[in-house]
Amino acid sequence: MDSLLLQWVRFVFIFTSALCSVFAWPNDLPGSWELLVADAGIASMHTAVTHHNTVVLLDRANIGPSHILLPRGHCRFDRHDAALKHDCYAHSVVLDLQTNRIRPLMILTDTWCSSGQFLPDGTLLSTGGDMDGFKKIRMFKPCKADGFCDWDELKDVELADGRWYATNQILPDGSVIIVGGRATNTIEYFPPRKGAVFLPFLADVEDKQMDNLYPYVHLLPSGHIFIFANDRAVLYDHDIDKIVRDFPPLPGGPRNYPSAGSSVMLALQGDYSMAVIVVCGGAHFGAFLQKSTEAPAHGSCGRIVATEPRPVWQMEDMPFGRIMGDMVMLPTGEVLIINGAQAGSQGFEMATNPCLHPVLYRPDQPVGLRFMTLNPGIVPRMYHSTANLLPDGRVLLAGSNPHYLYRFKAKFPTELRIEAFSPEYLSADRANLRPEIHGIPETIRYGEIFEVSVSVPLPVVGIVEVNFGSAPFATHSFSQGQRLVKLAVTSAVPNGNLYKIGCTAPPNGMVAPPGYYMAFAVNQGVPSIACWVQLVD
């Protein structure tokens, strides 16, 4: 039955592809692309933006030679690396966003398909991986671009369970919950609490393809955790380590690795009592098992109000079927869906037909009008690619390596280029609407009332929003810890050449966990360059 279904969806895919070749897309679609770095030295499997306006890029360690050497005298011996035992190459780098310069970092243990999250002080936590990295905990304490900070691999503490393909989420108290992993149907915490706790839900949704890997984890403003794996979701109380609610299944088959689409929690706003989760794309069940690289991807999205008493999934379709897409929360509250492929599944050499068109998801529009197709790129970014929001409102694209080692002479080669995509709000015809922040506190306490001063080339009409965006850990089509919080604000009041906006900080860590946020002023849908603020208790 599964093989007949795959034959049918292949026919539909070929037919619709032929139609697309007849009806070409216009060449004046919104958005623009630019090349930032021609050769980053590594293909980034995991990417995170720090509060020093640098970007940490991290590949796996046992991959053989990269394109960038470690400093002299910093080689390592890796008995697990079949391609290179004596390794003098970097497998992590840091990018300076001001100069686009790359500096090599030294990672000692294998970070293949690891997980991560920023801690309240801005330190990047990295957990798990493969081989000698299976139970490893690492930290990267960011420094200014001219500094020499590097990875620190902890020796006095390790994970209770080894974790490969897990997901991290910061909690209201600043600790981190670590969920799942391959053959690891448990959760645990950092700093460690009481060891690992069995989560039967993960075992229940595991199928022959292991479609419970890299679960989608969202912290709701209630303080509970929304955990989605395969095609189902639960609400988890991390204080008592129990499931307190089951959600209805999402139609359309598996949505997590190796069949992954992506997921996002929409912007929290108003009284912060409502949380809306969106899950988009994915592969048909069987595509991974049968190594069916031409099986069309899902084009469906499910949207659910996770805080309602009787929530149901509202379904809608994207303009394209897409697996391995990244959903990036923009400062406006819209969502950019970018990267990925239109056929196959996740895994080495497992996908074809790259999806080069980004799509803008506009959550406030009615069903049927929420998606806008954007200007396509030219670089296929498929398996092991990432997308991250930058403080200037652009989106950074890195990685793509559908091969076990680096291969540059292939249909879809290992990708070392770093690009940036500029949404339409950064177009020249909107420059007169773009605000500039001139004053905002560097440290803000929960519930604090404070002022933000901005300038705008044209007179302000309407409300200027002040929105806090987190810096997530992006890997495998999901941004761990991603969050946008829209603050309660007053009308912008003229004050000389500036406008003053009264703001109220998020009320607690359930709405916005402690840590560093990009603070954007948004005027008529056009964001400022963000200022980094630290939200503290």
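## Charged pairs and one buried serine

Asp121 is partly exposed, with 39% of its relative accessible area open. Keep in mind as you look around that this is a predicted model.

Let's begin with charge. Side chains of opposite charge can pair when their charged atoms come close. How many salt bridges does a search of the whole structure find? The search turns up 17 salt bridges. A few of them are worth a visit.

Asp121 takes part in one of these, with Lys141 as its partner and 3.6 Å between the closest N and O atoms. This pair links distant parts of the chain, as the two residues are 20 residues apart. Lys141 belongs to the loop between strand 10 (137-140) and strand 11 (151-153), while Asp121 sits in the loop between strand 8 (115-118) and strand 9 (124-127). Is Lys141 buried or exposed? Lys141 counts as exposed because its relative accessibility is 52% and the cut-off for exposed is over 50%.

A second salt bridge joins the side chains of Glu158 and Lys135, again with an N to O distance of 3.6 Å.

| Residue | Relative accessibility | Class |
|---|---|---|
| Lys141 | 52% | exposed |
| Asp121 | 39% | partly exposed |
| Glu424 | 33% | partly exposed |
| Lys135 | 30% | partly exposed |
| Arg430 | 28% | partly exposed |
| Ser66 | 5% | buried |

Where is Ser66 found? Look in the loop between strand 3 (54-58) and strand 4 (76-77). Ser66 counts as buried because its relative accessibility is 5%, and buried means under 20%. A polar atom of the Ser66 side chain lies 3.1 Å from the backbone oxygen of Ile68.

Which residues touch Ser66, leaving aside neighbours within four places in sequence? Ser66 is in contact with Gly41 and Ile42, with Tyr89, Ala90 and His91, and with Tyr406.

Terms used:
Residues numbered from 1 in each chain as written. Predicted model: local features only at pLDDT ≥ 70, side-chain atom pairs only at ≥ 80, totals over all residues. Heavy atoms only, no water. Salt bridge = Lys/Arg side-chain N within 4 Å of Asp/Glu carboxyl O. Helix = DSSP H or I, 4+ residues; strand = E, 2+ residues; numbered from the N terminus. Buried < 20%, exposed > 50% of the residue type's maximum accessible area, 1.4 Å probe, protein only. Polar contact = N/O pair within 3.5 Å; in protein donor to acceptor, adjacent residues only side chain to side chain. Contact = heavy atoms within 4.5 Å.
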